[in-house]
Amino acid sequence: MLDWFSSLEMFSKVFWSLALIASLIFIITIALSFIGGDTGDFGDVDADIDADTGIGFQFITLKNLVGFFTIFGWSGIACIDAGLSKPLTITIATICGLIMMAIMAAMFYYMRKLSDSGTLNYSNAINQIGEVYLTVGAKRSNIGKAHVRIQGALRELEALTDSTTDLKTGTVIKVKSVTSNGILIIEKLNN
């Protein structure tokens, strides 16, 4: 193996070295991505962030650079084996590497968009129809519970009413508003 490598000219050695080293790093990086070895977690962080969390589409990242050099090396080797000139080999290898970077950047961008925080946003409950689960006291005298579909899931949430009569179990309700601490203000539907 060493005799074969030492018999290559310097131009071929550069491409073979890049291809083999980058391929090894590429395989390790992809394997760690699939098993969760590169999550970037820094302990147990509990925060409520209601803003943009990043740049989104990132073209120059470690994974993309590794992908670039992997394809750059292998396409360069293919061009050398095809007998193409050195400038044409470098041009084709660079174009192939950039295409690989673009594909990987798009792939990781769209994979990141698949995630969902799952955080319940109580304001999404406003104007939703639901049903009283535990009796809600009249004039906000007693906190009850209501089932309301929010963000695609049926939730059981605490509720109050301004109605002059108690809202009994099974009463169909509509959410008027939500207090600052997440208690629903409900009213009977079709008084």
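Start with helix α2: what covers its buried residues includes α1 (2-7), α3 and α4. Here "buried" means under 20% relative accessible area, "exposed" over 50%, and "partly exposed" in between, with a 1.4 Å probe and protein chains only. Cover is counted by contact, that is, heavy atoms within 4.5 Å.

A quick word on ground rules: this is a predicted model, local features need pLDDT of at least 70, side-chain atom pairs count only at pLDDT 80 or more, and totals for chains, interfaces and linings use all residues. Residues are numbered from 1 along each chain as its sequence is written, and side-chain values use heavy atoms, with hydrogens and water left out.

**The overall layout**

The protein chain holds 4 helices and 5 strands, and from the N terminus on they run α-α-α-α-β-β-β-β-β. Helices (H or I, at least four residues) and strands (E, at least two) are DSSP runs, numbered from the N terminus. Of the 191 residues, 28% are buried. Take the contacts between residues at least 6 apart in sequence, and 59% of them join residues at least 24 apart. The chain exposes about 12,600 Å², with carbon and sulfur atoms supplying 60% of it; areas come from the Shrake-Rupley method with a 1.4 Å probe, and for residues only the protein chains shown count as cover.

**The helices**

Back to α2. Its buried residues include Phe 11, Phe 15, Trp 16 and Ile 30. Just after this helix, Gly 36 takes a positive phi of about 85°. Helix α4 has buried residues too, among them Thr 89, Ala 93, Gly 97, Met 100, Met 101 and Met 104, and the buried residues of α4 pack against α2 (10-35) and α3 (62-81). The spacing of such positions has a simple background: an α-helix has 3.6 residues a turn, so residues three or four places apart point the same way.

How do the spans of these two helices look? The expected span is 1.5 Å times one less than the number of residues.

| Helix | Residues in helix | End-to-end C-alpha distance | Expected span |
|---|---|---|---|
| α4 | 28 residues | 41 Å | 40 Å |

**The cores**

A nonpolar core is a set of buried Ala, Val, Leu, Ile, Met, Phe, Trp, Tyr and Cys residues joined through side-chain atoms within 4.5 Å. The largest has 14 residues, of which Val 148, Ile 173, Val 175, Leu 184 and Ile 186 touch the most other members. Strands β2 (144-150), β3 (153-161), β4 (172-178) and β5 (184-188) each supply at least two residues of this core, and β2 gives the most, with 3 residues. A second, separate core of 10 residues includes Leu 8, Trp 16, Ala 19 and Met 101.

**Thr 171**

Thr 171 sits in the loop between β3 and β4, yet is buried, with a relative accessible area of 15%. Its side chain reaches the backbone oxygen of Lys 168 at 2.7 Å. Not counting residues up to four places away in sequence, Thr 171 touches Gly 130, Glu 131, Val 132 and Lys 188.

**The cysteines**

How many disulfides does a search of the whole structure find? The search finds 0, taking a disulfide as a pair of cysteine sulfur atoms within 2.5 Å. The sulfur of Cys 79 has its closest cysteine sulfur in Cys 96, 6.7 Å away, so it is too far for a bond. Cys 79 counts as buried at 7% relative accessibility, whereas Cys 96 is partly exposed at 27%.

Definitions and conventions: A polar contact is a pair of N or O atoms within 3.5 Å; within protein, one must be able to donate a hydrogen and the other to accept it, and residues adjacent in sequence count only if both atoms are side-chain atoms.
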